[in-house]
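Please look over the sequence and the model shown below.

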Amino acid sequence: MTPRERFIAALRGGQPDRVPVCPDISNMIPCRLTGKPFWDVYLFQNPPLWKAYIDAVKYFGFDGWSSWVPDLKLRKTPPFTLTPRTLSRSCIIGAVSLDTPHGAISAEVTFRRDNPPAVTAHPLKDLAADVKKVRWLLGNVRGFGFENSARRRDELGERGALGVAVTLPGFQGWVEFAPLENLVFSYYDRPDLIEELRLLHHNLTVRMTEAILDFRPDFLDIAASGSITLQSPEIFRRLSLPTLKTITKMANEAGIPSMMHSCGKARALVEICAAETRLDCLNPLERPPLGDCDLAEVKKLYGHRLALMGNLPTTTLMLHGTPDEVEKECIQAIRDAAPGGGFILSTGDQCGRDTPDENILRMIQTAHRFGRYD
């Protein structure tokens, strides 16, 4: 089987020719392998991150998987500026501004030489005052573009599966746009405001999902990092679950598998997704202390319902362990979760920049040697 066929078969709960091996290296390691400052990739798109990732798949030779959010097409294109200025030899500040009829949305992103960028000034500083800007911006979306997704699919080819991503309402997504403490206070002090944001986000995600399913990627990717780490299971149920139920049902009826990424705590999330949604796969099922999932237990209780992807530790094992320790943990994960099918060997969320190549290569070699489903 090709890597793409292998990944899709396991994602659907089946048993491909062997267990797919897919370390989570979507950001830092591809940037490191370019030999360039990280801001060349993230800010100047030289090369763009998706191209650096595909080059990393070729370099290591693992079963690739990649996903990207479609481009927004606006009815009226508001003036947009990105002004980079050098703060030091290791840091570039990007000032971002977007004009709306209700005032500008401004933010600041810090780009570092040897690390991914971070939002250092959020665009939504006062939710009560800024919600009208969000309402106008989302109401201005007339459609979605997939030209870049098609290009990435052509470049990836059979080396891996291509997903297209959507996000869910909730703190895990909104924290990129507003400080978490503002979201928490608003949740209790202004539930009407939070509900409006939820509905705006829900409607956009449903529209985007419809367009994605028409494009027919290999899978629908649901990007929801920290779903019950940045908010409680109860808040997840109110803000995120209604959208998750809707879009997984849509994907299921369209015959396209869906996969949800939610790093951090996920034990309660597995139970909710298995019982109340039509989700096909969940990752990365991190173990303590970064998460709360026991892979063998999750497989026993929910493996008949969900394909599982995970869960080698990215710090204690992949970053600081030896190749022999990586091999031992890979074999244990395969024993715990592969029987019966529906398992993809992966890591926890995002292998660190300085993860030794030898550890990643040993993970791949071990899956090739021992990745059976019996």
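Lys76 touches Trp136 and Asn140, where residues up to four places away in sequence are not counted; contact here means heavy atoms within 4.5 Å. The C-alpha atoms of Lys76 and Asn140 are separated by 6.7 Å, although the two residues stand 64 residues apart along the chain. Lys76 has its place in the loop between strand S3 (71-74) and strand S4 (80-88). Helices (H or I, at least four residues) and strands (E, at least two) are DSSP runs, numbered from the N terminus. With a relative accessible area of 59%, Lys76 is exposed. The accessibility terms are set as follows: buried means under 20% relative accessible area, exposed over 50%, and partly exposed in between, with a 1.4 Å probe and protein chains only.

This is a predicted model, in which local features need pLDDT of at least 70 and side-chain atom pairs count only at pLDDT 80 or more, while totals for chains, interfaces and linings use all residues. Residues are numbered from 1 along each chain as its sequence is written, and side-chain values use heavy atoms, with hydrogens and water left out.

Leu168 lies in the loop between strand S9 (160-167) and helix H7 (171-174). Is Leu168 buried or exposed? At 1% relative accessibility, Leu168 counts as buried. Leaving aside neighbours within four places in sequence, its contacts include His201, Ile222, Ala223, Thr243, Leu244 and Met260. Leu168 and Leu204 are 36 residues apart in sequence, and their C-alpha atoms are 9.8 Å apart in space.

Helix H8 (residues 180-189) shows how burial can be arranged around an axis. Leu183, Ser186 and Tyr187 are buried in H8. Seen down the axis of H8, these buried residues fall within an arc of 105°, so they line one face of the helix; the arc is that of the directions from the helix axis to the C-beta atoms. The face of H8 turned away from the buried side carries the exposed residues Phe185, Tyr188 and Asp189. What covers the buried residues of H8 includes helix H5 (127-139), H7, helix H9 (191-215) and helix H10 (233-239).

The buried interior can also be described through its nonpolar cores. A nonpolar core is a set of buried Ala, Val, Leu, Ile, Met, Phe, Trp, Tyr and Cys residues joined through side-chain atoms within 4.5 Å. Which residues of the largest nonpolar core touch the most other members? Of its 95 residues, they are Phe7, Ile25, Ile222, Met260, Phe343 and Leu345. Apart from this core lies another, of 15 residues, among them Leu127, Tyr187, Ile194 and Leu197. Returning to Phe7, its contacts beyond four places in sequence include Pro20, Cys22, Trp65, Phe219 and Ile344.

A disulfide is a covalent bond between the sulfur atoms of two cysteines; the cut-off used here is a pair of cysteine sulfur atoms within 2.5 Å. A search of the whole structure finds zero disulfides. The sulfur of Cys22 is 9.7 Å from the closest cysteine sulfur, in Cys281, which is too far for a bond. Cys22 is buried, with a relative accessible area of 0%, and Cys281 is likewise buried, with a relative accessible area of 0%.

Charged side chains form the last topic. Side chains of opposite charge can pair when their charged atoms come close. A salt bridge is a side-chain nitrogen of Lys or Arg within 4 Å of a carboxyl oxygen of Asp or Glu. How many salt bridges does the structure hold? It holds 23 salt bridges.

One of these joins the side chains of Asp55 and Lys51, at 3.0 Å from N to O. Because Asp55 and Lys51 are four residues apart in helix H4 (residues 49-60), they are separated by about one helical turn. Asp55 is partly exposed, with a relative accessible area of 31%, and Lys51 is partly exposed at 24% relative accessibility. Glu253 and Lys249 also meet in a salt bridge, at 2.7 Å from N to O. Glu253 and Lys249 are four residues apart in helix H11 (residues 241-254), and about one helical turn separates them. Glu253 is exposed, with a relative accessible area of 54%, whereas Lys249 is partly exposed, at 38%. Finally, Arg6, Asp17, Arg18 and Asp63 are linked in a network of salt bridges.
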